[in-house]
Structures are given as C-alpha cells and as structure tokens.
Amino acid sequence: MPEPTPARPSGHTGDGWVECRCGARHWGRYGAAGLLLWRRLPAQDGGERAGSHEVVLQHRATWSHHGGTWGVPGGAIDPGETDVAAALREACEEAGILPADVRVRASHRLDHGDWTYTTVVAEAAADLTPRVSDPESLAVAWVEEEAVRERPLLPAFADALPALSGLLGRRLVLVVDGANTMGARPDGWWRDRAAATVRLRDGLAALARDGLPADGLGLPGHAWYPDVVLVAEGRARGVPGLPGGSALGALTVVDAPGEGDETILAEAQRHVRQGADVVVVTSDRELRRRVEVAGARTVGPRLVLR
C-alpha cells in the first residue's frame, strides 16, 4: 500500500492571493514553498559525474498561474505549517514524492516582507520516479541541470535559478565539540555530564530539524539542515545518538577514546574528504586552527545554544 499523502494541518487553508507591495499578486496567504529535489548523475563507469546533477521539475497545468511553464512542485503554506513541511506535502501531492525518500539539505527564500516563497533544496535518498499525482501537473520529470534553461520556466524560478544552483550537490555536516559547547552554558553540566550531553544532543536535534541560519554558518542560501556529529569525551561518553526523522538526517554521537580534539579533527577530515560542507562548533582556538587547515569552517557554541 502506498504511503498516504501528508495531511494538511487543521484549521483554515493557506490558499488565497496576496496583493504584494511589489505590485504583483502572489499565491499563499501565509507564503508558499516548493521542493527542489536533486540527485547526482551516474557516470558511464558506474561512478558519479563530478558536479553533474538532475532535478525534478513540474510542468504546470495550463489553467494555473503561469500555466504551461516548468518549475518545482509547491504551493501555499497552511496555518501552523513550516515551509519545509509545506514543500514536502506539496511535492507528495503533486509529484508523488514521499518525504521518507528525500533528505532536506538547505533552503532559499524570496522575501517581499508581506509574502515569502521558500524553495526547500533536498537530495533524493532513494531511487524514486516522480509522477503526476494531481491535476496541477501536466508532467513531472527528472531534468539534467544543464538542460533546465532549455524549458520555458516559471519566471520567479528562472530568476532564482543561479542562487539555487549554488545549493545543489551540497550537504552540511555539523561536528560539535561536546565538552567545549557544554562548558559555554553554566547550567550545572559538571554535576552530571551524561545528562548534560543528553540535553545538548536533544537541542542539536531540534536545531537540525528547524534549520540553522545560513549567514551564521558562512554558507549561501537561507537555512541549512545538517547531519550532526556530537563528539563526547570522559564521563559524557555512552549517550546514544538519534535516528533521523522523515526527510531529516540522523544525529550521531561519537565517543572519543581520550581527549576529544583528535576525534573532532578526524571527523572533520573524514567528512571533508567525502565532499561535505563541514562546520565545527568550538571556541578552542587551537582546534579551530587545525580543522580550518583541514578545510572545515568553524563557529562558536553560541550558534547552537538556546
């Protein structure tokens, strides 16, 4: 039995036009969101073509706004719904893309003040075939990135395409110096380091779910949804990680055999080699220097402490 379409939240729908201060009308009384899903193109030798991707595009029904153009599946955000949830729901309704088959990586936002459109950028986590699943689509297809401009595009999508292209193929890994980050918050962590690590882990999971601001990370776009690696040492060891939710990555806890710095550096180096954007959370100056030499960015604990 196929997975059901994600249910809309209770209450009034977000469908409706907004008369924007820019002089245009936009769909979605609470804003709108869409899903830009990508996957790497396989090479002839069975590997992956470096830098080559294809994306899912929707051919919009002729009766719709800018009908006959190509864009991403999307629509109005409902009351109480996040932009990510709205994008995933719309992609399921319009293109048969199940949330469990994607991993959300980043987002781009067009903000007019009284109306926003968020493009949620996600990686295919399964060998999926999008399909027309409601009357709003004439066709849904994988399209090579280089061929996207050959199609008549929804004007706003065409305008955003250069910025969106800079988000394709990217994955953020957040490596957290557990001891240093806990030490930045005087909440009695020293009395029970394992319990403090659980609190930190759960806070990081919430941040990964809600997204981290791109400007705080030194990355393009609006927000990023990282895979998280929390490094624990000493009496903080032994805390289990957390599985990822639908469309979101897992949080891994890595126990350092001794001091945490070497393990943090090794984790950063490993993910950099795998092609990820790596950000290490620590205020330790020497550790920051070492991981930056390895190709990672660094931020202080304040970014992840609430």
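Five strands make up an open sheet with parallel pairing, ordered S14-S13-S10-S15-S16. Strand S14 (251-255) and strand S16 (297-299) are the edge strands, each pairing on one side only. On average, neighbouring strands of this sheet are turned by 25° against each other, direction ignored. Strands here are DSSP runs of E with at least two residues, helices are runs of H or I with at least four, and both are numbered from the N terminus. Two strands pair if DSSP finds at least two bridges between them.

This is a predicted model: local features need pLDDT of at least 70, side-chain atom pairs count only at pLDDT 80 or more, and totals for chains, interfaces and linings use all residues. Residues are numbered from 1 along each chain as its sequence is written, and side-chain values use heavy atoms, with hydrogens and water left out.

Take strand S13 (residues 227-232). Five bridges join S13 to S14, and the two run parallel. Valine 231 stands opposite valine 254 in S14. Leucine 230 has valine 253 of S14 as its bridge partner. Another five bridges join S10 to S13, again in parallel. There, leucine 174 stands opposite valine 228 in S13.

How many of the six residues of S13 are buried? Six of the six are, so S13 is largely enclosed by the rest of the structure. Buried means under 20% relative accessible area, exposed means over 50%, and partly exposed lies in between (1.4 Å probe, protein chains only). In a regular strand the side chains alternate between the two faces of the sheet. In S13, both faces are covered. Asp227, Val229 and Val231 are buried on one side, and Val228, Leu230 and Ala232 on the other.

Helix H7 (residues 285-293) packs on the sheet. H7 touches strand S10 (172-177), strand S15 (277-281) and S16. The direction of H7 makes about 155° with that of S16. Axes are lines fitted to C-alpha atoms, for helices over the stretch in contact, and angles run from 0 to 180 degrees between N-to-C directions. Contact means heavy atoms within 4.5 Å.

Alanine 141 sits in strand S9. Alanine 141 counts as partly exposed because its relative accessibility is 22%. Beyond residues up to four places away in sequence, alanine 141 touches Val55, Val56 and Leu57. Alanine 141 and valine 55 are 86 residues apart in sequence, yet 8.1 Å apart in space, C-alpha to C-alpha.

Aspartate 134 lies in the loop between strand S8 (116-124) and strand S9 (137-144). Its relative accessibility is 17%, so aspartate 134 counts as buried. The side chain of aspartate 134 reaches the backbone nitrogen of glutamate 136 at 3.0 Å. Leaving aside neighbours within four places in sequence, aspartate 134 is in contact with Glu93 and Glu94.

The largest pocket holds about 890 Å³. Of the 37 residues that line this pocket, Trp27, Arg60, His65, Tyr117 and Leu154 are the closest to its centre. Elements giving two or more residues to the lining include strand S4 (48-60), helix H1 (83-95) and helix H2 (155-165). H2 gives the most, with six residues. A pocket is an open set of points on a 1 Å grid over the protein atoms alone, with protein on both sides within 12 Å along at least five of seven lines; lining residues have an atom within 4 Å of a point.

Technical notes
Polar contact = N/O pair within 3.5 Å; in protein donor to acceptor, adjacent residues only side chain to side chain. 1 Å grid on protein atoms, 1.4 Å probe; cavity = no way out; pocket = protein on both sides within 12 Å on 5 of 7 lines; lining within 4 Å. Points joined across faces, edges and corners; volume = space filled by probe spheres on them.
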